[in-house]
Amino acid sequence: MMKATRSLAASAPLARGSNLLSSTSTLQTSRPWHMDGTSNTLADNALTTSDLFKNKKCVVFWVPAPFTGTCTQAHVPSFTKLVPDFRKKGVDSIICCSVADPYAMYNWAQRMGVYADSGVTFLSDWDGAFALEHDMLGTDGNCGLGIRSKRLSMVVEDGVVSAINVVEDAEKDGEVCLGQC
């Protein structure tokens with residue numbers, strides 16, 4: 001089992017009705033490696049679950065790893081193509097997360113052409129603490145990726161999980177979430 005470097009509350013599996021506002025872990029903004037005096041520190045780039053979910057309707061999907069086939073070719077596009085439809089359903093933000101560093105997440109989004117104004121935000125669970133806290137860690141099935149998050153998606157309304165999916169078909173996941181909004 002992965003040992004996170006941040007202190008954690010007891011692991012509690014995510015389920016419909018889970019309140020993420022009580023989470024003790026944070027996520028990191030995806031970002032380039034700043035060489036212009038802008039901060040690269042964890043503290044300056046941390047987002048709490050309150051920052052992300054309080055008084056908002058959000059769709060969050062977790063991918064095992066940036067720059068991998070299914071994540072790049074199926075999972076992310078299943079959401080990016082539906083951004084206008086999510087907006088019509090009152091979704092404030094669509095968030096893609098992974099247990100990966102924030103620089104890889106930023107560069108992966110850039111490589112796919114999913115820029116900051118695209119409607120999908122990329123965040124990093126840099127040490128897996130969020131995934132560990134919410135019992136979302138899995139393994140890569142002997143492909144060499146190590147400990148990663150499970151592939152899942154959820155709708156979060158004012159911090160409460162209103163729908164959660166263990167993703168079987170990454171190409172259809174955006175449609176599934178849209179139907180749950």
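**Aromatic pairs in a predicted model**

The protein has 181 residues, and 48% of them count as buried. Its fold has six helices and nine strands. If we take contacts between residues at least 6 apart in sequence, 71% join residues at least 24 apart.

Now to the rings. How many aromatic pairs does a search of the whole structure find? It finds five. Let me show you two.

Start with phenylalanine 61 and phenylalanine 79: the ring centres are 3.9 Å apart and the planes are at 0°, so this pair is stacked. Phenylalanine 61 belongs to strand β3, residues 57–62, and phenylalanine 79 to helix α2, residues 69–80, so the pair ties together parts 18 residues apart in sequence. Are these two buried or exposed? Phenylalanine 61 is buried, at 0% relative accessibility, and phenylalanine 79 is buried too, with a relative accessible area of 0%.

Next come tryptophan 62 and phenylalanine 130, also a stacked pair, with 5.5 Å from centre to centre and 10° between the planes. This pair links distant parts of the chain, because tryptophan 62 sits in strand β3 and phenylalanine 130 in helix α5, residues 129–133, which puts them 68 residues apart. Tryptophan 62 is buried at 0% relative accessible area, and phenylalanine 130 is buried at 2%.

One last thing to find on your screen: Phe61, Phe79 and Phe86 form one aromatic cluster.

Technical notes. Residues numbered from 1 in each chain as written. Predicted model: local features only at pLDDT ≥ 70, side-chain atom pairs only at ≥ 80, totals over all residues. Heavy atoms only, no water. Helix = DSSP H or I, 4+ residues; strand = E, 2+ residues; numbered from the N terminus. Buried < 20%, exposed > 50% of the residue type's maximum accessible area, 1.4 Å probe, protein only. Contact = heavy atoms within 4.5 Å. Phe/Tyr/Trp six-rings, centres within 6.5 Å; stacked < 30°, edge-to-face > 60°.
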